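Q: I would like to learn how to read the features of a protein model, one at a time. Could we go through them together with the structure in view?

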Amino acid sequence: MSRAVRFLVLSILAAGILAAQTYDLVINNGRVLDPATNLDAVRSVGIRSGKIAAVSPTPLTGTRTIDARGLVVAPGFIDLHSHGQTLENYRFKARDGVTTALEMEVGANPIDAWYQERQGRSPIHFGATSGDIPSRIAVMHDSGTFLPLDKAVERAATAAEQQQIRARIRRGLSQGALGIGLGIAYIPHMSRGEVLELFKIAAAEKATLFVHMRNGGPVEPGVVDSVREMISDATATKASVHIVHITSMGLRQTQECLTMIEEARGRGLDITTEAYPYTAGMTNLGSAIFDEGWQGRQGGITFGDLQWALTGERLTAESFARYRKQGGYVAIHAIPENIVQLAVGHPLVMIASDGILNEGKGHPRAAGTFARVLGRYVREQHALSLMDAVRKMTMMPADRLRMPNKGRLAVGADADITVFDEARVTDRATFENPAQYSEGIPYVVVNGIPVVERGELVRAANPGKAVRR
Ligand SMILES: [Zn+2]
């Protein structure tokens, strides 16, 4: 080899090595939190091809650089209960630090079509369970588009209809759905046997059930009976189950429910739960939740504790009757603040929003859940540590999904990263005006691509991927 050729070869080799050492994006000098290892130290993060490729004690160089000095660098937040699966909602989620938003309680069906609609069009990762409710609405020709409103509510499914519903749920699982979604309270005639059948499918398919339980509140058969149904079906089948929004079901008995779940876990059952950081729930006023006796089932509330989402007005007996016929979202102010604090701070409870916005109307949890936990419950109330809060928003939901590459800030993990200012992070969404972005979250990175930069949405960026089982 001539000297010139040797020089050329060496130059090409050196360039190759340099290219391999350069990162697509680096996040330098932030306070990195990794809930899996409890790392809490100033580090620089190097990202290459959508993965975390380096976590270094010294600054790195890359094609793009984010200076995170004075900011917290955490795994992107994962929302296991995100009904809002539109661009409008994904943007509010991104501004709240969420990099993965999943529709697990109601779910979707058919699954392939649901994923196709969102492919390449979402700033954040999206996914859904194979839902009992959408399957039932289709099979029973219910007029509801999200929650069942008539035919699936008024009578039980026949044996033939039940078989069709289960076939649809199984098909959804075979197409990669993230589990089975089930909302028993919305299907008042769903028998215990029918629920058990879904547990059997979940066990056979090694899928997790995400369940809005049969009943909430103190009036028997209330929340304790409902947690028992979950524990007994999980015991009988060995299926995994995730109980959604424990505070709006448990109300003042939330601690009792958490103790039951803890004891069941202690006996080897795979039962988990979640809560949102608000003292009100929200659902459709036209649904079975407001059948006769709702006041007692909600722990003894009345018309004035209901707030019509479209106008923000509190209801009366008269407006309740009128709006119930019309149908639409209503906030239910029924959860005591000390119960929210208890659940948000409890080591067993994940953070999940249960949120949906429709043209700016809805519950503030759709836009503010994650910032609210960090601002109100960590910084102001000291209900939990910053690391525990991050764990409940990242590693715990990732583990529930059995996705070890998510919810971590470590080499090899997916480059979904949220950068926030611990001193400033706060929710701004209210019941009167829920469509307000959270603040104090300057950078959100999805699959290595910033979707929030200097506190603003990067509107052209759609790096969100379909999350499938
Ligand atoms: Zn629910």
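Q: Which residues of helix H2 are buried?
A: In this predicted model, helix H2 spans residues 87-95, and its buried residues are Asn89, Tyr90, Phe92, Lys93, Ala94 and Arg95. An α-helix has 3.6 residues a turn, so residues three or four places apart point the same way. After H2 comes Gly97, which has a positive phi, near 90°.

Q: How are two packed helices described, and at what angle do H4 and H6 pack?
A: Two packed helices are described by the angle between their axes and by the distance between those axes. Here helix H4, residues 132-140, packs against helix H6, residues 159-174, at an angle of about 135°, and their axes are 9 Å apart. H4 and H6 are therefore oblique to each other, and their crossing is right-handed.

Q: Which residues of H4 and H6 meet?
A: From H4 come Asp132, Ser135, Arg136, Ala138, Val139 and Met140, and these meet Glu161, Gln164, Ile165, Arg168 and Ile169 of H6.

Q: Is Ser135 buried or exposed?
A: Ser135, found in helix H4, has a relative accessible area of 0%, and because buried means under 20%, Ser135 counts as buried. Leaving aside residues up to four places away in sequence, Ser135 touches Asn109, Ile165, Arg168 and Ile169. Asn109 is also joined to Pro110 by a cis peptide bond, with omega about 0°, and Pro110 lies in the loop between E7 and helix H3.

Q: Which residues coordinate the zinc ion?
A: The zinc ion is coordinated by Glu105 through OE, His212 through ND1 and His245 through NE2, at 1.8 to 2.3 Å. Along the chain these donors follow the spacing E-x106-H-x32-H. Glu105 lies in strand E7 and His245 in the loop between strand E11 and helix H9, so the pair ties together parts that are 140 residues apart in sequence. Both Glu105 and His245 are buried.

Q: Where does His141 lie, and what is its phi near?
A: His141 lies in the loop between H4 and helix H5, and its phi is near 55°, a positive value in a residue other than glycine. With 60% relative accessibility, His141 counts as exposed. Arg454, too, is not a glycine and has a positive phi, of about 45°; Arg454 is found in the loop between strand E21 and strand E22, and is exposed, with a relative accessible area of 67%.

Definitions and conventions
Residues are numbered from 1 along each chain as its sequence is written. This is a predicted model: local features need pLDDT of at least 70, side-chain atom pairs count only at pLDDT 80 or more; totals for chains, interfaces and linings use all residues. Side-chain values use heavy atoms; hydrogens and water are left out. Axes are lines fitted to C-alpha atoms, for helices over the stretch in contact, and angles run from 0 to 180 degrees between N-to-C directions. Helices (H or I, at least four residues) and strands (E, at least two) are DSSP runs, numbered from the N terminus. Angles under 35 degrees count as roughly parallel, over 145 as roughly antiparallel, 65 to 115 as roughly perpendicular and the rest as oblique. A crossing is left-handed if the near helix is turned anticlockwise from the far one by less than a right angle, and right-handed if clockwise. Contact means heavy atoms within 4.5 Å. Donors are N, O and S atoms within 2.8 Å of the metal (3.2 Å for Na, K and Ca); water is not among the atoms, so sites may look incomplete. Buried means under 20% relative accessible area, exposed over 50%, partly exposed in between (1.4 Å probe, protein chains only).
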